[in-house]
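Trainee: I would like to go through this structure with you step by step, and I will ask about one part at a time.

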Amino acid sequence: MKSIDIVIVGGGPAGLAAAVAARKAGCDSILILERDGELGGILNQCIHNGFGLHTFKEELTGPEYAGRFIDQAMELNIDYKLNTMVMDISRDKVVTAMNRTDGMFQIQAKAVILAMGCRERPRGALNIPGYRPAGIFSAGTAQRLVNIEGYMPGREVVILGSGDIGLIMARRMTLEGAKVKVVAELMPYSGGLKRNIVQCLDDYGIPLKLSHTVVDIEGKEHITAVTIAEVGPDRKPIPGTEERYTCDTLLLSCGLIPENELSQSAGVEMSRITSGPVVNESLETNIPGVFACGNVLHVHDLVDYVSEEAARAGQNAVKYVKGELGTVSDSTKGRINLVATDGVRYTVPSTIDPDRMEENLTVRFRVGDVYKDSYVSVYFGDERVQHRKRQILAPGEMEQIIVKKQDLLARPDMDTITIKIEKD
Amino acid sequence: MEQRFLTCIGCPMGCQLTVEMDKGEVISVSGNTCKRGDIYARKEVTNPTRIVTSTIAVKGGDKARVSCKTASDIPKDKIFAVMKDINHAVCEAPVKIGTVLIPDVAGTGVSVIATRNIAKVS
Amino acid sequence: MTYDVIIIGAGVTGAAVARELSRYETNVCVLEKEEDVCCGTSKANSAIIHAGYDCEPGSNMARMNVRGNAMMDDLCRDLDIPFKRNGSLVVCIHEELLPGLKELYDRGVKNGVPGMKLLTREEALAMEPNISDDVKGALYAETAGIICPFKLNIAMAENANQNGVDFRFNTCVEKLTREDDGLWHIRTNNGEYTAKYVVNAAGVYADVFHNMVSEQKINIIERRGEYYLLDRTVGDHVSHTIFPQPTKYGKGILVAPTVHGNLLVGPTAIDQEDKEATNTTPRGLSEIAEKASENVRNLPLRSVITSFSGLRAHENHHEFILGEVSDAPHFIDCAGIESPGLTSSPAIGEYIGNLLRDKMSLTEKANWISTRKDVLDPKKLSIEERNELIRKNPAYGQIICRCESVTEGEILDAIHRPLGARSLDGVKRRTRAGMGRCQAGFCSPRVMDILARELNLPLTEITKSGGKSNIVLERSKEVTE
């Protein structure tokens, strides 16, 4: 069996950034396995601008951002295989993959980086009643058809969900000549960026209906109309608020789910909140030498953060291969648990081993609701060490705090760090 | 005296801004909670601009469409004029990121450039 | 051309009759209004092979059910399709309803159902730990099984086609008359057909055709059943098919594993007045969740990947109407085929086949082929065999549907075999591409490309399920390509 130091599953923004960082950290045996026909992942279809302000200090489109990383990977001669599907990852890091030319093959990896990204929540998972005709697309599928293949799904569009992909597609369809009649959002707030609401909807006079959902889909063969209704605080439709919209296309932008079927079959411990792996400060899963980064770990809103996180996963994988990462102690001793509570839904990472952490560790999290004029508080044990006033916190925006290694080493008996939202 | 209402795009607050104007001049901005709101409002009411991103038909390439963008902001009221030119344009593969596909689109003085590479296929 | 037999409907009943008739020296044609086989009731049901204990003793239903069940092992082996006798449990959760279980058991004995056993609460829980803690007793039937209804329907139709039966799709029967020439003249949207015999296997439309030719009117009610399909990660929540105790509306909301490893929950039973009302409803979907949870605990409804609904062809007397219509000679009904219709289909095929053999004095073909091969599933091969396959045909190395690991090779097989797939749903029913957790989000553009290439059609003409179900409307941009 062929042996490779670091096998990276996925050649999107996370996989590319992990590979580039791992090469720069001195690993010369890296292989990216990409299921699509080109590197760059979903960025290739995200042709709008707004990427890269943090990473490159300029505003790029998705393909341009991907292009920068692909160029780096090429310059660094990083090996990759396209149209290659990873079929299985075993607990002892044997990666089984398949493509047309190599057939089914196995690689013994010293370290594996999971970078498979995420998928869209399909209609079925949303329990929208009605018929099941043609003309219903997840927003990303429509984005691929319009932006890569050059086909229009339809001319009269209703969008359910105001996540960024849905908002971006509202503008794309409008610019391509379609009429976007309404964007309905189940929640009382949009999960999308304000900038996208203004520049994708307001610019074109597209109404956004918050606290609304689709309650019926008409059309036996092709969609002909949808009915949307207002929902109450229980998110159940309120009778009498129904409005019918004729349309030939319904786009769904109702959330993203990390794609972790491979991780699960490998025995990686999963978080029920993020649907991604549970990782420690090194972005390492419960299986030593298996790392996760990008949207397979938790869904990000900025690709810049994906790149940054993935670079850390790449660097840590190199340390692991070289035997420099240090072993995780079996006992919980010396390991600090991060507790997300009072409005904080989760943290990445979930645990910190102070001996293995960098000088400054970025802990990312999301809140579960909209909070105005509130504080993000960090407790070391019972001691409140951070208390930052924030005008607004929203579920759609990933938040972060920085934890310093010296602070943790100074508290050898501490076993929990709590992050919570406080009113005062 | 004229009033314009805007939503600030600076952060998730989305402050509702009110701009008072007189003969095209900004008199005051209110509703903002930080300086960014003021700057945004003044620009948005006097000279709103946007980057337009879309695709252009390609002949002889490994893909039928190449993604593109205006190389810099164009006036907001020119968006559909720009799209009209983009929708009628055809380019030949190969295309490289940055290749000018339409010089001076819709009389804006701004060019439309490719944002991805398209390989030529025989 | 005049056919000896025309079958109306390419659902599981029509396909079963077609396959049986293909044994004989006779010419047969199946007319189907949809673009493919298995587009009506046959595609949206519980996918269960029933044991047969709940049918009225002496009824057609009882006979066909028990006979169909017994035929299933050989049939599925011959047709190379998955079938598993996972056994079923009828769960009783109210002490006062325990006598009902015994009644079912007794009925099963009368119907000739083998392998039944009344279980105590403890025995039931030991057999199926996730049934409700309220369980008071259960009826176990070891012959109950699970099957892929698409594959059963498709396989019987394909096998019939291999043996010479013609299929005409997108062909909707509009009028039927028996003329002085002694032939049935069948007007369709695609021209007129003539036949000596007509078999009415039209599912929810069976009453329409019956009533065109007979004064003894029948009425088929479309009884809608809605379902949830859950992801394979929770497919082992139960290993047996779990039924509540039956009511006059049917067998109730069941929870069952599928042969593909998913979990199926449903159906509701709500009478409709529209033969195409296959929509799901808020009421139906919430009823499934509520009722299924009475019998199975911790039902993982978080893992729902899709919901769908089907229409049972419920005849007023809840009985299969099988055989020649008394005032319409040479018109053979297969009407009222609701549950246990899937189970009964091979038996109905056999019964109608024998009937027509005797009426027409048909002789068996010398070269009848009893077997067919399913779409090759590389997952069943060893790595070495798989690599050999990929070397010969690299399309088997290219995964198209990630969720179900379906390769391009399988999709090409599905398109180019007899009665091959012509739409996304056709590919899905033959290969499972698009049936997984992302519900075709990733693979549908790729499957569309393959269909367009192989069928030599523009992408705009590729449909989800025939008719006007085109997926994309037009090319973008105002340029000529």
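This is a predicted model: local features need pLDDT of at least 70, side-chain atom pairs count only at pLDDT 80 or more; totals for chains, interfaces and linings use all residues.

Trainee: How many residues of chain A are in contact with chain B, and how many residues of chain B are in contact with chain A?

Mentor: Putting chain A and chain B together buries an area of about 2,500 Å², and carbon and sulfur atoms give 57% of that area. Within the part that chain A buries against chain B, A:Glu64, A:Leu175 and A:Lys194 supply 21%, which is more than any other three residues. Counted by contact, chain A gives 28 residues and chain B gives 28 residues.

Trainee: How many salt bridges are there between chain A and chain B?

Mentor: One salt bridge is formed by the side chains of A:Asp203 and B:Arg50, with a distance of 2.5 Å from N to O. Across the interface of chain A and chain B, seven residue pairs are also found in polar contact, both residues being at pLDDT 80 or more. For salt bridges between chain A and chain B, the count is five.

Trainee: Which helix of chain A gives the most residues to the side that touches chain B?

Mentor: The elements of chain A that give two or more residues to this side are helix 2 (62–75), helix 4 (139–149), helix 5 (164–175), helix 6 (194–201) and strand 26 (383–393). The residues of the side that touches chain B divide into seven nonpolar, ten polar and eleven charged. With four residues, the element of chain A that gives the most is helix 6.

Trainee: Turning to chain C, is C:Ser132 buried or exposed?

Mentor: C:Ser132 is found in the loop between helix 4 (121–127) and strand 7 (137–141) of chain C. Leaving aside neighbours within four places in sequence, C:Ser132 is in contact with several residues, among them C:Ile93, C:Leu125 and C:Arg297, while a polar atom of the C:Ser132 side chain lies 2.9 Å from the backbone nitrogen of C:Asp134. Because the relative accessible area of C:Ser132 is 5%, C:Ser132 is classed as buried.

Trainee: Back in chain A, which residue of strand 23 is the bridge partner of A:Ile336?

Mentor: Five strands of chain A form an open sheet with mixed pairing, in the order 23-21-28-25-26, and the edge strands, each pairing on one side only, are strand 23 (351–352) and strand 26. Strand 21 (residues 336–340) of chain A runs antiparallel to strand 23 of chain A, and two bridges join them. In strand 23, the bridge partner of A:Ile336 is A:Ile352.

How values were computed. Residues are numbered from 1 along each chain as its sequence is written. Chains are lettered from A and ligands numbered from 1 in the order in which they are written. Side-chain values use heavy atoms; hydrogens and water are left out. Contact means heavy atoms within 4.5 Å. Buried area is the accessible area (1.4 Å probe) that two parts lose on being put together, summed over both. A salt bridge is a side-chain nitrogen of Lys or Arg within 4 Å of a carboxyl oxygen of Asp or Glu. A polar contact is a pair of N or O atoms within 3.5 Å; within protein, one must be able to donate a hydrogen and the other to accept it, and residues adjacent in sequence count only if both atoms are side-chain atoms. Ala, Val, Leu, Ile, Met, Phe, Trp, Tyr, Cys and Pro count as nonpolar, Asp, Glu, Lys and Arg as charged, and the others, Gly among them, as polar. Buried means under 20% relative accessible area, exposed over 50%, partly exposed in between (1.4 Å probe, protein chains only). Two strands pair if DSSP finds at least two bridges between them.
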